[in-house]
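Student: I am new to this structure and would like to learn how to read its features one at a time. Could you take me through them slowly?

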Amino acid sequence: MKNFKIKILLFITPLVVMLIPPMYLLLSTGENFKKIDKMIMKDEPFLIGYAFNEQNYKYLKWQTIMSRPKYDVMALGSSRVLPFRKQMFDASFYNAGYTISSLNDFLPFLNTIPSGKYPDFLIIGIDQWMFNAAWDSMENPVSKDQWENAFKYKPTANTIINVWEDVIAWKYDLNSLDKDDLFERVGMNAVFNNSGFRNDGSFYYGGQIEKLLNNDEAANDYHYENTLDRIEKGDRLFQYGKQINPEAFIELEQILGLCRKNNIQVVAFLPPFATKVNDELQRRGEYEYMNLIYSSSKHLFDRYGAEFYDFSHLETINSDDGETIDGFHGGEVAYLKIMIKMLESDSELNKVSDLIKLKLDLKSSKNRLEIYY
């Protein structure tokens, strides 16, 4: 019996030792084993950026809306609404981006929130591929649990394995664990890549911005190589499509109906692509549906007293590829220009934003990708 126990111990000991490095990193960075509810309530400066638990973002956004006072203005959509910042508004603002993947996510998400928490102004980013049945047929039911119960406290086996692989590849600078910041960092992306969500729900692209400004080939989607590969293969959001999915209009009308019923002013827009990406989309001739979205949808927004803008092309906001994070994400400067363009078009957002101030902010931008500190 004693020999058996020794054999078990000898077998287990290496496994335990193997767990120490990844578990230490997951614990010390807050990637796992750290709840964020108290941070949300205290609202002291933070940067929350997960590397292996991005589903936690949906909980972060939902819980912030539920636990904080009502926001006057809210942005809602995918990652392509994230550059909107609280400094762009004279009223309280929260960016609820990264909670939405499909058109049929909007309504279930809004239905998880009490009507007393609804904003007066809702900026909606509608990704072009949301109208493409080849990417999303909108046939699958949406579970409300994807926001309220999205938080993962403990790591999965895959997470532990992935961290070990990164440790072996020397991807982590352990000196980053001792950063003396004015804000709390949670998650491995926040600690090691200086990227994550701010308190206002906007996303800081830290490491990516630094690489782009330095023309570093290690930047994500450098020269849009990844995005262009998606277009070439017709996958990963860029599935080919000729016609708009008719289900999209049904879903849009339900969203707009809920907003009108609750006196929410909707300001919707199609987010921009890099010009090089737009040129390739047009050259291939496989994305006819994208050219039909605005003209086919504008009348529906008009009928519900909602605003709808087409900012698919950077030229419409006097921007260019130098102001993009990657092939289909504009930077903060580009999105300030979106705000300016909407205000100049007599948007209802003039009631909660100052055009003169935004133009002054643009002149004093940090660089071609960032406005505010």
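Tutor: Let us begin with exposure, where buried means under 20% relative accessible area, exposed over 50%, and partly exposed in between, computed with a 1.4 Å probe on protein chains only. D229, at 27% relative accessibility, counts as partly exposed. Before going on, note that this is a predicted model, in which local features need pLDDT of at least 70 and side-chain atom pairs count only at pLDDT 80 or more, while totals for chains, interfaces and linings use all residues. Residues are numbered from 1 along each chain as its sequence is written, and side-chain values use heavy atoms, with hydrogens and water left out.

Student: With which residue does D229 meet in a salt bridge?

Tutor: In general, side chains of opposite charge can pair when their charged atoms come close. A salt bridge is a side-chain nitrogen of Lys or Arg within 4 Å of a carboxyl oxygen of Asp or Glu, and the partner of D229 is R236, at 2.7 Å from N to O. R236 is itself partly exposed, with a relative accessible area of 33%. The structure holds 22 salt bridges.

Student: How far apart are the closest N and O atoms of E280 and R283?

Tutor: Those atoms of E280 and R283 are 2.8 Å apart, in a salt bridge. Helices (H or I, at least four residues) and strands (E, at least two) are DSSP runs, numbered from the N terminus, and E280 and R283 are three residues apart in helix 11 (residues 275-284), which separates them by about one helical turn. E280 counts as buried at 17% relative accessibility, whereas R283 counts as exposed at 58%.

Student: Which residue forms a salt bridge with D361?

Tutor: It is K357, with the closest N and O atoms 2.6 Å apart. Both D361 and K357 lie in helix 14 (residues 355-363), four residues apart, about one turn of the helix. D361 is buried, with a relative accessible area of 13%, while K357, at 30%, counts as partly exposed. Elsewhere, salt bridges that share partners join R85, R198, D200 and E332 into one network.

Student: How should I read the angle at which helix 13 and helix 14 cross?

Tutor: Axes are lines fitted to C-alpha atoms, for helices over the stretch in contact, and angles run from 0 to 180 degrees between N-to-C directions. Angles under 35 degrees count as roughly parallel, over 145 as roughly antiparallel, 65 to 115 as roughly perpendicular and the rest as oblique. The axes of helix 13 (residues 332-344) and helix 14 come within 10 Å and cross at roughly 155 degrees, and the two helices are therefore roughly antiparallel to each other. By class, their contact has eight nonpolar, no polar and four charged residues; here Ala, Val, Leu, Ile, Met, Phe, Trp, Tyr, Cys and Pro count as nonpolar, Asp, Glu, Lys and Arg as charged, and the others, Gly among them, as polar.

Student: Where does V81 lie, and is this residue buried or exposed?

Tutor: V81 lies in the loop between strand 2 (73-76) and strand 3 (93-95), and V81 is buried, with a relative accessible area of 1%. Contact means heavy atoms within 4.5 Å; leaving aside neighbours within four places in sequence, V81 is in contact with residues including A75, L76, F269 and Y335. The C-alpha atoms of V81 and D361, 280 residues apart along the chain, are separated by 19 Å.
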